[in-house]
Amino acid sequence: MTIHSQAPVVVGVDGSAASLDAVRVAAREAADRNRPLQVVHAFIWPLTRAPLTPAPGAPAGAGLRNQAERCVAEAVAEAGKVAPDVPVTGVVVDGAPAAVLVAESRDAALVVLGHRGLGGFAGLLIGSVTLQVSARAHCPVLVTRGEARADGPVVVGVDGSELSTAAVGFAYEEAARRDAPLVVVHAWLYPTPLGPGDILPLVYDPAELAEESRRVVAESIAGWAERYPDVPVRQRSVRGAPARVLVEESQSARLVVVGAHGRGALGGLLLGSVSHAVLHHAQSPLVIVRNAS
């Protein structure tokens with residue numbers, strides 16, 4: 001997709017402490033990108049036909065709709081404290097959280113989510129919202145873990161797939177923006193299939209796989225150094241499970257970037273065990289890049 005110059009950073013909120021952390025991160029991301037910020041609360045209650053207005057005799061400001069409006073207002077105010085020069089708007093959108101955020105991502109530069117929350121975002125990393133949004137969003141998705149750290153490298157996981165290339169481009173841009181070094185990582189354990197129906201050998205040479213891994217890393221960054229000559233790059237080929245390797249790298253990282261889908265051990269990143277391991281255990285914010293253009 002092509003992101004137009006005024007596409008906003010979108011942040012999903014639900015009134016939880018984690019979502020306010022996400023608002024603060026999103027406000028800084030919007031400021032760094034010179035973009036507006038859109039605060040979105042997905043109001044699921046109309047789908048359940050629950051009463052939205054205050055009950056008779058309830059105090060002023062009661063009712064689910066008023067509560068949702070207060071949630072958004074609090075988030076907008078918090079964003080204004082962090083980035084006072086960023087234009088901020090807040091909306092309450094009727095619908096389920098995943099569907100609302102995927103729709104908002106069509107016109108967004110970045111979607112930001114907290115790693116856990118309340119209500120529709122409860123158990124964000126063990127439920128379906130993050131997986132659905134990350135797998136279907138039309139722009140990169142940033143999953144925060146508290147306040148972002150101000151040091152450490154940007155780490156990108158590669159596997160040679162088309163989305164891996166998109167992730168590398170995003171990671172270079174982020175490293176340049178943050179004045180941070182870039183670490184490009186390829187993790188391998190066994191031969192990986194190149195496509196559906198590919199037959200894997202029963203016997204393989206680890207030395208050949210290690211060499212192939214180094215080639216994947218080198219090819220993944222080919223041409224990018226010329227575009228970002230000031231970004232220091234470290235290439236890493238690591239024998240190990242991709243999820244474990246990325247989680248270990250995240251312990252000292254400012255940001256981890258991955259493609260939403262790939263091939264081999266990184267294939268189906270958001271649909272299999274790799275996604276759950278990285279999203280549960282990463283110690284840094286995680287950006288998931290779905291679109292390759």
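## Strand pairing and the sheet

Two strands are taken to pair if DSSP finds at least two bridges between them. In this predicted model, β1 and β2 pair in the parallel sense over four bridges, and within this arrangement glycine 12 stands opposite valine 40 in β2. On the other flank, strand β1 (residues 9-12) pairs with strand β4 (residues 110-113), again in the parallel sense, over three bridges, and valine 10 stands opposite valine 111 in β4.

These strands belong to an open sheet of ten strands, whose order is β3-β2-β1-β4-β5-β10-β9-β6-β7-β8 and whose pairing is mixed. Its edges are formed by β3 (88-94) and β8 (233-239), each of which pairs on one side only. From one strand to the next, the twist averages 25 degrees.

## Composition and confidence

The secondary structure of the protein comes to ten helices and ten strands. Among the contacts with a separation of 6 or more, 78% are accounted for by residues 24 or more positions apart.

The mean pLDDT is 81, and 75% of the residues reach 70 or more. Among the elements of the protein, β1 has the highest mean pLDDT (96), whereas helix α2 (residues 45-48) has the lowest (55). Two stretches call for care in reading: pLDDT stays under 50 over residues 118-127, for which the model has 28 contacts beyond four places in sequence, and it also stays under 50 over residues 264-273, for which the model has 27 such contacts.

In strand β2 (residues 37-43) lies valine 39. Is valine 39 buried or exposed? Valine 39 has a relative accessible area of 0%, and because buried means under 20% relative accessible area, valine 39 counts as buried.

The contacts of valine 39, leaving aside residues up to four places away in sequence, are with Val11, Val13, Val72, Ala75, Val76, Val88, Thr89, Gly90 and Val91. Valine 39 and proline 8 are 31 residues apart in sequence, and their C-alpha atoms are 9.8 Å apart in space.

Helix α9 (residues 242-250) lies across β6 (154-157), β7, β8 and β9 (255-259), and runs at about 155 degrees to β7.

Helix α5 (residues 129-136) is largely enclosed by the rest of the structure, because six of its eight residues are buried. The buried residues of α5 are Val129, Thr130, Leu131, Val133, Ser134 and Ala135.

## Aromatic residues

The structure holds three aromatic pairs. In one of them, the rings of tyrosine 172 and tyrosine 228 have centres 5.5 Å apart and planes at 25 degrees, so the pair is stacked, given that planes under 30 degrees apart count as stacked. This pair links distant parts of the chain, with tyrosine 172 in helix α6 (residues 162-178) and tyrosine 228 in the loop between α8 (224-227) and β8, 56 residues apart.

Both tyrosine 172 and tyrosine 228 are buried. Together with Trp224, the residues Tyr172 and Tyr228 form one aromatic cluster.

## Residues with positive phi

Most residues other than glycine have a negative phi. Asparagine 34, although it is not a glycine, has a positive phi of about 60 degrees; this residue lies in the loop between α1 (17-33) and β2, and asparagine 34 is exposed, with a relative accessible area of 66%.

Aspartate 179 is a residue other than glycine whose phi is positive, near 55 degrees. Its place is in the loop between α6 and β7, where aspartate 179 is exposed, with a relative accessible area of 69%.

Terms used
Residues are numbered from 1 along each chain as its sequence is written. This is a predicted model: local features need pLDDT of at least 70, side-chain atom pairs count only at pLDDT 80 or more; totals for chains, interfaces and linings use all residues. Side-chain values use heavy atoms; hydrogens and water are left out. Helices (H or I, at least four residues) and strands (E, at least two) are DSSP runs, numbered from the N terminus. Buried means under 20% relative accessible area, exposed over 50%, partly exposed in between (1.4 Å probe, protein chains only). Contact means heavy atoms within 4.5 Å. Axes are lines fitted to C-alpha atoms, for helices over the stretch in contact, and angles run from 0 to 180 degrees between N-to-C directions. Rings of Phe, Tyr and Trp (its six-membered ring) pair if their centres lie within 6.5 Å; planes under 30 degrees apart count as stacked, over 60 as edge-to-face and the rest as tilted. pLDDT is the predictor's confidence in each residue, from 0 to 100.
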